[in-house]
Amino acid sequence: DRDVTGVQTCALPICLVVLNVLICGNDLLVEAILQHNIVQDKEISFIWYQKDVEFPHSVQDILNSAVMAKNLRLTATNTPEWNDIDLLLIGKSESASEKDLTFEESLRAEIHWTQLLINQAMANNFAGKVCFLTEHGEEQVFSALRFSGLPDNAIFGLGTLPLSMLVEKMISNILKIDVRQIHVSVLGTFADAVPAWSRGLVAGTPLLSLIAQENSLFTQNELTKIEERLKESSEKSLLPVILASIDCVFEALFSSFAQIIPLTHQVQVDEQKIAISEPVLLSTQGVSQLPTLNLSEDEKQKLVDIKDQVLSQIQSLMSGR
């Protein structure tokens, strides 16, 4: 059914809603997130933002698929109640999803999309948290903080969390050890990632110490293969781990258990603020920065180079070039 504001809902049973998530974007990732959560059927109210009153058939299909959910509620609207939203999930804009766009054109489309959504949100008393899902999360976090007036802890991006979870799973498969015993943070950006091998732990043992052991099952060659896999990763190949990453974010934001995970957040570089993905404490309060990791000299230099690249992109964006 559709009301006069353009809101369309599925015929779902009445349930106790504990979380209101407004999800924006009509790309394949957003559709996958919704389908994933429909299957999980948690007590979540998803509101799917649409620019127009008339919804595409693809949107209607997802709405119809939610009819079997008992606890999850899914609606779509072009006029959300912004002041009721706990979390704003922002995927790709329609224009940024076009295949023939250059990197710069895609970036500017995403920034325009970011500003459009943030302006609407702030004009309607939005006071929740914002999570960006796209490859341009660094620039989007910076832009959203610059124009929204929201506190630093309220805006972040998924960043390198999916890559970190992928690395941990690959090591788990090699060593035949429960992935919960493995802790490796991938830093930087989705496109330019640095695994912090020097800080990695396996069941409390430094990861690199395993390589030094004679007849070790884990060698430097394994690390090199994992780094190559990261460079080859695409949104499509990472889809399962992206969905797992969003589950992790939900748990940290809306339960009593905080998580230490790498997310894109605002940091200071000399006298300029940028955004980069590094470990933070994510909790019901949002993002809290942690002390800087004690990295190897090589890892430090790689991360410095990435920060310089992000700073250059942000400066170019601000200057209109």
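Two strands pair if DSSP finds at least two bridges between them. I'm also noting that helices (H or I, at least four residues) and strands (E, at least two) are DSSP runs, numbered from the N terminus.

**Ground rules**

I'm working from a predicted model, where local features need pLDDT of at least 70, side-chain atom pairs count only at pLDDT 80 or more, and totals for chains, interfaces and linings use all residues. Residues are numbered from 1 along each chain as its sequence is written, and side-chain values use heavy atoms, with hydrogens and water left out.

**Entry 1: strand 5 and its neighbours**

I started with strand 5, which covers residues 87-90. On one side I looked at strand 2 (residues 20-24), which pairs with strand 5 in the parallel sense over four bridges. I picked out Leu22 there and found that its bridge partner in strand 5 is Leu88.

Then I turned to strand 6 (residues 129-132), which runs parallel to strand 5 and is joined to it by four bridges. Here Ile90 has Phe132 of strand 6 as its bridge partner.

Next I checked where the side chains of strand 5 go. Leu87 and Leu89 point one way, while Leu88 and Ile90 point the other way. All of these are buried, and for that word I use under 20% relative accessible area, with exposed being over 50% and partly exposed in between (1.4 Å probe, protein chains only).

**Entry 2: cysteines**

How many disulfides are there? I took a disulfide to be a pair of cysteine sulfur atoms within 2.5 Å, and by this rule I count zero. Cys24 is in no disulfide, and the nearest cysteine sulfur, that of Cys131, is 12 Å away. I also looked up how accessible Cys24 is: this residue is buried, at a relative accessible area of 0%.

**Entry 3: positive phi**

Asn125 is not a glycine, yet its phi is positive, about 65°. I found Asn125 in the loop between helix 3 (103-123) and strand 6. Is Asn125 buried or exposed? Asn125 is exposed, with a relative accessible area of 59%.

Lys176 is exposed, and I noted a relative accessible area of 73%.
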